[in-house]
Amino acid sequence: MFVDKARIKVKAGNGGDGAVSFYREKYVAAGGPDGGDGGKGGDIVFVIDDNFSTLIDFRYKKKYVAPNGENGGAKHCTGKNAEDLIIKVPRGTLVRDADTGRIIADLSDEPRVIIAKGGRGGKGNDNFKTSTRQIPRFAKPGYQGEEYNLSLELKLLADVGLVGFPNVGKSTLISVVSEAKPKIANYHFTTLVPVLGVVKVDAGKSFVMADIPGLIEGASDGIGLGHEFLRHVERCRLILHILDVSGSEGRDPKEDFEIINAELKKFSEELSECPQIVAANKTDMAAPEQIEELRGYIEGLGYKFFEISAATTQGTRELISYVSAELDKLPPIKVYEAEELPEETIKEQQDEKSRITVRIEDGIYYVEASWLEPIMRTVDMDDYSSLQYLQHVLQSNNVFARLEEMGIKEGDTVDILGFQFDYVS
């Protein structure tokens, strides 16, 4: 099954927590702090695998979570960094942030890209000793790993895209000029998926051709198969437009040419400006007058015109030689640049991370914030220096200011994730 779109969720690993530990040895009455730092969380890494040709694996697995870093240990032992989570994708996969549409990476020429970074490890209590604080009973928690909802889109990497109405001979052409073996039959939509073929021109010289199925009138609006596969023409350096000059389907090739180009333009203005060559196929079934009429029309529009019969291979060698020569003049296959996060979005994310919610129930002020849980986890509530550290964190993160905005008075009860204390101004 050919699957070229998928949505998944990825979560990089959290950093390990710093350790609260004190040196212990026989005859040493009061050893100093020796808590080690936490290890780094695993990254989410996308890697190109040329053995993959579709995104079908992502239809069955939607969530990918990298392991967390190891917590720090005693005797200054740093926690072990977590292994990265490797996700294999086919070449040509475009990775977007599904929530914003931002391009994160284009897996076309870079074989390995970090999509989500793992969190840094937290600091152990050894980092917090001072001349006045010699027994710190708190440590820093590990940082959260990055998390994204991703949209994956496969855009095939082909130099030449074959376009045209169904049954004009695209599949026959690609089968005779390359080693590709598409299904060929005398009915519409025989080709249900894009077909890639490597066309060898000379020793050491070749290019990739793609048969794009399903282009009919209304393709850009989702009629036929065109809406599903037009994206695979976007990277093409050159378009080879195949027309049935014989009119064997009862259609006018000139009208077909206009319809397909209109669909390309509706889908993408940039795509409509891609260099284009026209091949009049089925010349063995056409009258000379039909061929000359179409030639005059196409060349009058400024396009290069070739007469071919894919079924008998007549004219195909000349066509391929010309296509190869034109490709030598064109820039390489398009690769999409990763997009930076807009400043407004960065600010919104920072605001979200620092957001503090205070609700009042039965006279108790309940404080909630996403960053509070890991802090509370590493603080010893029975230790004075730990409570001083917690007070400093709450003060510097404007928790007390928010409580005062809510009208808190001295002696009122504050609840932070189950830990309660009386407020003192």
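## Two helices in contact

Leu 173, Val 176 and Val 177 in helix 2 meet Thr 316, Leu 319 and Ile 320 in helix 7, where contact means heavy atoms within 4.5 Å. By class, this contact of helix 2 with helix 7 has 5 nonpolar residues, 1 polar residue and no charged ones; Ala, Val, Leu, Ile, Met, Phe, Trp, Tyr, Cys and Pro count as nonpolar, Asp, Glu, Lys and Arg as charged, and the others, Gly among them, as polar.

Helix 2 (residues 170-177) and helix 7 (residues 316-327) pack at an angle of about 80°, with their axes 11 Å apart, which makes helix 2 roughly perpendicular to helix 7 (65 to 115 degrees). Axes are lines fitted to C-alpha atoms, for helices over the stretch in contact, and angles run from 0 to 180 degrees between N-to-C directions. Helices (H or I, at least four residues) and strands (E, at least two) are DSSP runs, numbered from the N terminus.

## How the model is read

This is a predicted model, in which local features need pLDDT of at least 70 and side-chain atom pairs count only at pLDDT 80 or more, while totals for chains, interfaces and linings use all residues. Residues are numbered from 1 along each chain as its sequence is written, and side-chain values use heavy atoms, with hydrogens and water left out.

## Aromatic rings

The structure holds 9 aromatic pairs, a pair being rings of Phe, Tyr and Trp (its six-membered ring) with centres within 6.5 Å. The rings of Phe 138 and Tyr 389 have their centres 4.1 Å apart and their planes at 10°, so this pair is stacked (planes under 30 degrees apart). Because Phe 138 lies in the loop between strand 7 (112-116) and strand 8 (147-154) and Tyr 389 in helix 10 (residues 384-396), the pair ties together parts that are 251 residues apart in sequence.

Phe 138 is buried, with a relative accessible area of 0%, and Tyr 389 is also buried, at 8% (buried means under 20%, with a 1.4 Å probe and protein chains only). Together with Phe 128, these two residues form one aromatic cluster.

## Positive phi in two loops

Lys 75, found in the loop between strand 3 (63-65) and strand 4 (85-89), has a phi near 60°, a positive value in a residue other than glycine. Thr 313, in the loop between strand 14 (304-307) and helix 7, likewise has a positive phi, near 70°. Most residues other than glycine have a negative phi.

Lys 75 is exposed, with a relative accessible area of 63% (exposed means over 50%), whereas Thr 313, at 42%, counts as partly exposed (between 20% and 50%).

Definitions and conventions: Phe/Tyr/Trp six-rings, centres within 6.5 Å; stacked < 30°, edge-to-face > 60°. Parallel < 35°, antiparallel > 145°, perpendicular 65-115°, else oblique.
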